[in-house]
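I opened my notebook to jot down a few things worth looking up here. Come along and check them with me.

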Amino acid sequence: FISDLFTILWLMGMMFTTKLLDGLDGLVGGIGVIASCIIFFVSLRPDLLQYDTALLALILGGACLGFLIFNFNPASIFLGESGSMFIGFMLGVLSIIAGSKIATALLIMGIPILDVVWVLFRRIVTGKKITEADRRHLHHRFLDAGFSQKQTVLIFYGITLLFGFAAVILQTSYKLVALSFLVATMIGMGAWLVIRYKRYAEKDSTHS
C-alpha cells in the first residue's frame, strides 16, 4: 500500500511540476532533453546496467529534442498541458522503474520541485486557491529581475546540467549531500533575485 501510494504521489508531483514549469518557450522541453540524457547515462552505470530504461530515456530525449527545435524562443509550437504533463509523467516513470533513480530525478528536477512547493505554500498561507495562476514562479522572478526569456531558460538548463552531472558521478549516499546543496542553491538564488529585482526596479523608475 505504501509503495502504491508513493508511486501515485510521485507521478502526480512530477506531472504538476512540469505543468507549472511550462511558462517560458523551450523550458520544459529542454529540461526534458537534459533529464532524459542524465537518466540514460545513470541507467548504464556498471552497478545498474538497466538497458531497457536507458533505451526509453533515449527515446524520450530524442522526442523532446525534436520538439525543442520548434519550441525554443521564439516558439512556433507549444506543449500545452497534455505535453508538459506527459514529459513529467515519463520522467517520473523512468526514475522509478528498475529503481535506484529517485535521488537522480530529485537532483535533476530539484529546483522546479522546490519552486512548486514554495509557490503552493505561499498560496495556501495567503489564502489563495492553489490552482490560481500568478507570477510567483522562479522563472517569472528572473524575468522581473531583468533577464530575457532566453537567458532565463539557459540558466535553468545550466542548473539542471550541473546537478544532473552530479547525479551521474555520485553514489546514492553522496546524492543526499548534493540535495542539501540544491536546497541551499534555491534559497541563495531566491535571495539574489529579490536583491536584483529591487535594484532593477529602482533603476527602471529612475530612467522613467
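**Salt bridges**

I searched the whole structure and found two salt bridges, counting a side-chain nitrogen of Lys or Arg within 4 Å of a carboxyl oxygen of Asp or Glu. This is a predicted model, where local features need pLDDT of at least 70, side-chain atom pairs count only at pLDDT 80 or more, and totals for chains, interfaces and linings use all residues. Residues are numbered from 1 along each chain as its sequence is written, and side-chain values use heavy atoms, with hydrogens and water left out.

I looked up E81 and K19, whose side chains form a salt bridge at 3.7 Å, N to O. The pair ties together distant parts of the chain, 62 residues apart: E81 sits in helix α4 (residues 80-96) and K19 in helix α1. For helices I used DSSP runs of H or I with at least four residues, numbered from the N terminus. E81 is exposed at 52% relative accessible area, while K19 is partly exposed at 23%. My cut-offs were under 20% for buried, over 50% for exposed and partly exposed in between, with a 1.4 Å probe and protein chains only.

I then checked D47 and R45, which meet in a salt bridge at 3.1 Å, N to O. D47 is partly exposed at 48%, whereas R45 is buried at 11%.

**Two buried residues**

I found T18 in helix α1 (residues 2-21), buried at 2% relative accessible area. The T18 side chain reaches the backbone oxygen of M15 at 3.0 Å. Not counting residues up to four places away in sequence, T18 touches V28, S84, M85, G88 and M109; contact here means heavy atoms within 4.5 Å.

I also looked at P112, in helix α6 (residues 110-125), which is buried at 3%. Leaving aside neighbours within four places in sequence, P112 is in contact with T17 and L21.

**Helix α2 and helix α8**

How do the axes of α2 and α8 cross? I noted that helix α2 (residues 27-43) and helix α8 (residues 149-169) have axes that come within 10 Å and cross at roughly 10°. Axes are lines fitted to C-alpha atoms over the stretch in contact, with angles from 0 to 180 degrees between N-to-C directions. The two helices are therefore roughly parallel to each other, a label for angles under 35 degrees. The contact includes I31, I34 and F41 of α2, and F156, Y157 and F165 of α8.

Conventions:
Parallel < 35°, antiparallel > 145°, perpendicular 65-115°, else oblique. Polar contact = N/O pair within 3.5 Å; in protein donor to acceptor, adjacent residues only side chain to side chain.
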